[in-house]
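Biologist: I would like to learn how to read a structure feature by feature. Could you take me through one slowly?

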Amino acid sequence: KELAENIRQAASNEDAAKAAFEFQHEMAMISGNTLLPLIFRSFYFSVIVLWERFCALHGKEKLYQVSYQTWERLAARDAAGVADWIEKCTREVIDGERQIYY
C-alpha cells in the first residue's frame, strides 16, 4: 500500500513514474517468478518514459488509482482479480480506450 501511496504523493510525473515502477517491480518480486523482476528491470527506462507520458495525458491521480486498485486486489488475496484487472487495464491501452501516445 505504501508503494501505491508513493505514486499519489509524487511531486512530478517523473517521480510518479518511478514510484509506479517500484510498485510494479515489487509485485513482480512477490509473484515468485524469478524472471519477471529481471524483465521489468531490463526495460526500466522505457517503462519510465511510458508512465511519464501516461501521467501527462491522464494525470498522476489516474496512475495512482490504477495501482491502488491493483493493491486492493492483492490485499484481498484475489489473484484472479489482480490478473483480470491488469488484463483490463492493458486491454484499454491496446484497444485505444486509454491513449499512451501523443
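**Reading the helices**

Modeller: Let us begin with length, keeping in mind that this is a predicted model. Helix 2 covers residues 13-30, and at 1.5 Å a residue its 18 residues should span 26 Å, which agrees with the 26 Å between its end C-alpha atoms.

Biologist: Which residues of helix 2 are buried?

Modeller: To call a residue buried, we ask that its relative accessible area be under 20%. In helix 2 the buried residues are Ala16, Ala17, Ala19, Ala20, Phe21, Phe23, Gln24, His25, Met27 and Ala28. Their cover includes helix 1 (2-8), helix 3 (36-42), helix 4 (44-58), helix 5 (60-75) and helix 6 (79-94). After helix 2 comes glycine 32, with a positive phi near 85 degrees.

Biologist: What does tryptophan 71 touch, if we leave out residues up to four places away in sequence?

Modeller: Tryptophan 71, which lies in helix 5, touches Lys1 and Phe23 on that count. Sequence distance and spatial distance should be read separately: tryptophan 71 and alanine 4 are 67 residues apart in sequence, yet their C-alpha atoms are 7.3 Å apart in space. With a relative accessible area of 22%, tryptophan 71 is partly exposed, because the cut-off for buried is under 20%.

Biologist: Which residues form a nonpolar patch on the surface?

Modeller: The patch is formed by Leu35, Leu38, Ile39 and Phe43, which together have about 420 Å² of accessible area. One of them, isoleucine 39, is found in helix 3 and is partly exposed, with a relative accessible area of 45%.

Biologist: How many salt bridges does the count come to?

Modeller: The general idea is that side chains of opposite charge can pair when their charged atoms come close. Here the count comes to seven salt bridges. One of them joins the side chains of glutamate 22 and arginine 41, at 3.9 Å from N to O. This pair links distant parts of the chain, since glutamate 22 is in helix 2 and arginine 41 is in helix 3, 19 residues apart. Glutamate 22 is partly exposed at 34% relative accessibility, and arginine 41 is partly exposed at 39%.

Biologist: Is glutamate 92, the partner of lysine 88 in a salt bridge, buried or exposed?

Modeller: Glutamate 92 is buried, with a relative accessible area of 11%, whereas lysine 88 is partly exposed, at 41%. The closest N and O atoms of the two are 2.5 Å apart. Because lysine 88 and glutamate 92 are four residues apart in helix 6, about one helical turn separates them.

Note on methods
Residues numbered from 1 in each chain as written. Predicted model: local features only at pLDDT ≥ 70, side-chain atom pairs only at ≥ 80, totals over all residues. Heavy atoms only, no water. Helix = DSSP H or I, 4+ residues; strand = E, 2+ residues; numbered from the N terminus. Expected span 1.5 Å × (residues − 1). Buried < 20%, exposed > 50% of the residue type's maximum accessible area, 1.4 Å probe, protein only. Contact = heavy atoms within 4.5 Å. Patch = residues over 30% accessible without salt bridge, like charges linked within 9 Å, V, L, I, M, F, W, Y side chains within 5 Å. Areas by Shrake-Rupley, 256 points an atom, 1.4 Å probe, with all protein chains shown as cover. Salt bridge = Lys/Arg side-chain N within 4 Å of Asp/Glu carboxyl O.
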